[in-house]
Amino acid sequence: MRRPQRPSPTPDDAEPAAVRGNLPAELNTFVGRDDELAQLEPLLRKSRLVTVAGVAGVGKTRFVTRVAALMEKRYCDGVWIVELSTVQDPELLEHALVDALGITEQTGRPPRTMLLEHCAERRLLLVIDGFEQLTDACASLVRELLRRSPHLKVLAAGRRPLRVDGELTFPLLPMREDDALELFTRRAAAVRPGVLRTDADRETARELCRRLDGIPLALELAAGRLRALTTEQVLHRLDDRFRLLTGGSPSALPRHQTLRTAIGWSHELCAPEQRLLWARLSVFAGQFDLEAVEYICSGPGLPADSVLDVLDELLAQSVVLREDCAVGSRYRLLDTVREYGAEWLRATGDAERLRHRHRDWYLGLATWCELDWFSPRQAEVAARIDSELPNLRRAMECSMESPDEVHLAQYLAGTLWFYWVGCGRLSEGRHWLDHVLEAESPPDHSRLKALWVLGYVAVLQGDPAGAVSALQECREEGERSGDATAVAYAAHRTGCLSLVTDDPVRAEGLLREALDRYREIGELNSNVLMAQVELGMAVAFRGDLDAASVICQEVREICEDHGERWTLAYALYVLGFAALRAGACTRARRMLGEALSIGHAFHDLLGTALSLELLALITVTEGDASEAAVLQGAADRIWPSVGLPLFGSVHYGRPRTECEKRARAELGDTRYETERRLGLRLDANAAVARALRTGREDAGPDGGGTAPEGEGAAPEASPGGGAADAAGETRRPAASRTTGRGGPELGR
């Protein structure tokens, strides 16, 4: 097998290549395993499920990643790796696969259904790593995926087989002596160049590799120690550690005892404060950052001002790994290293205190991110929550263990509303909201917040019964307890439900009520602005495009003042709709193009699909019926991942119906369907890129087509004037109690 060449970057005007997987790039050289690589290839041809099994630390993850990289050219739909080591709850297994496969889903369908549909006709290789704690659930899911997806192949890596019919097990043994020596030599040279200069040094290294049984994790840890010790000193200290750590359970496999020896030996070589930090770091799931370590892990025996130095030593010893990503430098422990640290943490009797400090830190982080969502840092907040999701899950799990702390889990699930709704995570959000609200708890502010967020999620998933139940309980309990904030949000989301179920009159009344209540309590954030956008849509559906433009132009200005982008996209959608009805196609296209770019950047499939639908109508209005049909096909591909297309709403569906009618009249049914099917083959990246290019060169300065049928003109909305000027002087409310900033009065 040969490593395929990566494609060269595409020109700026070329369509982006389809994403073909999520394999990570190699950060250092892959060493050895040539025979094993050659042996595994025919197994993947013979069986659709191959499990690489072996002891922790034997290199299973690196090995299967290498195999997948060498074979990725054979799978036209890509090679996808799913890391399950941080997933402890079997109910989250399917969510983890949905996330890893890049399925951005906003419906109420079970994640298993989404996975089965996604894989049904695709030719892909799914690499599942770290499933040991979920073996039964994982086996059940893999069995069904293979049964329903004839072109799917699965390469699994774990400490045991899945025991699924047709599975071939490939035992990955410790490295051969020559390979182990090469690995140790390369890693030693990276730490301390020239450390193995003489034949005697190399013979000592060979003996060390034998004593460590060729286990890659142990070899890498040993090489890390050469920063401070000679190879001879490492070997001598290893003698002491073997004797110290031979008292494990007689029933444990010998290789398990060997790995424990390797980890235990590295642990004993650490200074006391390093061992203490190692144990405390085991409280994290997945990645973590320095600020979290300093808060959670400092305390008796480890002052906060010493944490950085101690962490640096653990990095130097390869106990902690550093990973640079979109949100900066992050750290993590290998699974086996974390498990060893967790045993020591339990032995200290300090585990509960650390778990609660961990929970408290991530409660604070979620609170900060919710406030910062209404700011120019929205993209940073989304990336931060992405990277912290395993820790946030663990924090919710921790709070659910005690009836006295359930309210904290409810608070956390509710506080993450912006992530569930704004970043395409409705399915997992619904899981957590349902879960935390199952527990008996008093109707305090945390429970009421979780209820209105559940109602919001249910509305967007097309579950009106679930939405009504949650929102009604929220409003009734809020009125009973005097929680004005909960009542405002319940009214708002009930108005949103009326809007998408074609009752714009009721929607307008509820949304105006909600905006009045928000004003009374000084609330100003993305939710409040979205209420005004939804009010604008309700007014537009009743035929008053002038008023709708005034309302949403005001939102646009507030968003620009605060750097808010997510709600801005929806305001631009309404303004683009009004501009199109006024015959200003160029301006409408510019607004809808910006809305589409924002929605796609946040993985907001609802906003993306809505924008594509209006851009299709603009395109047919400009005279390009073929391209309009392609864009409608592209939207058709997205809607099943959102829910009922266009909510099943007559009002939201009218632009779609009109566009299709005009395109079919010009193209004929046969050609229309041909072009629409072309759009169905576009993935989201290609569809968005194509929509943003369409019409850029053809449209005039402020036209490009006649107004669509039956609509009057509406004043155009722009940042500096237009419809907003007709509204008169803008009034300002009191500063928000959460942001301390004032803004235009909303919804009048």
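A nonpolar core is a set of buried Ala, Val, Leu, Ile, Met, Phe, Trp, Tyr and Cys residues joined through side-chain atoms within 4.5 Å. Buried means under 20% relative accessible area, exposed over 50%, and partly exposed in between (1.4 Å probe, protein chains only).

This is a predicted model, in which local features need pLDDT of at least 70, side-chain atom pairs count only at pLDDT 80 or more, and totals for chains, interfaces and linings use all residues. Residues are numbered from 1 along each chain as its sequence is written, and side-chain values use heavy atoms, with hydrogens and water left out.

**Stop 1: confidence.** Colour by pLDDT, the predictor's confidence in each residue, from 0 to 100. The chain mean is 84, and 86% of residues reach 70 or more. Select 240-258: pLDDT is below 50 here. Then select 697-748, where pLDDT also stays under 50. That stretch still has 127 contacts (heavy atoms within 4.5 Å) beyond four places in sequence.

**Stop 2: the core.** Select L84, L126, F184, L281, F284, Y362 and Y652. These have the most contacts inside the largest nonpolar core, which has 220 residues. Helix α26 (566-581) gives the largest share of this core, 12 residues. Helices are DSSP runs (H or I, at least four residues), numbered from the N terminus. Now centre on F284. Leaving out residues up to four places away in sequence, F284 touches A292, V293, I296, C297, R338, H358, Y362, N391 and R394. Another core, of 25 residues, lies apart from the largest one; L37, L40, L43 and V64 are among its members.

**Stop 3: helix α21.** Select 464-481. Its buried residues are A467, A470, L471, C474 and G478. They cover an arc of only 90° around the axis (taken from the directions from the helix axis to the C-beta atoms), so they sit on the same side of α21. They pack against α20 (445-460) and α22 (484-500). Turn to the other side: A465 and R480 are exposed there.

**Stop 4: salt bridges.** The structure holds 57 (side-chain nitrogen of Lys or Arg within 4 Å of a carboxyl oxygen of Asp or Glu). Stay on α21 and show R475. R475 bridges E479 at 3.1 Å, N to O. Those two are 4 residues apart, about one helical turn. R475 also bridges E513, with the closest N and O atoms 2.5 Å apart. This pair links distant parts of the chain: E513 is in α23 (504-521), 38 residues from R475.

Finish on α25 (545-562), where E560 and R556 lie 4 residues apart. They form a salt bridge at 3.5 Å between the closest N and O atoms. E560 is partly exposed at 41%, whereas R556 counts as buried at 10%.
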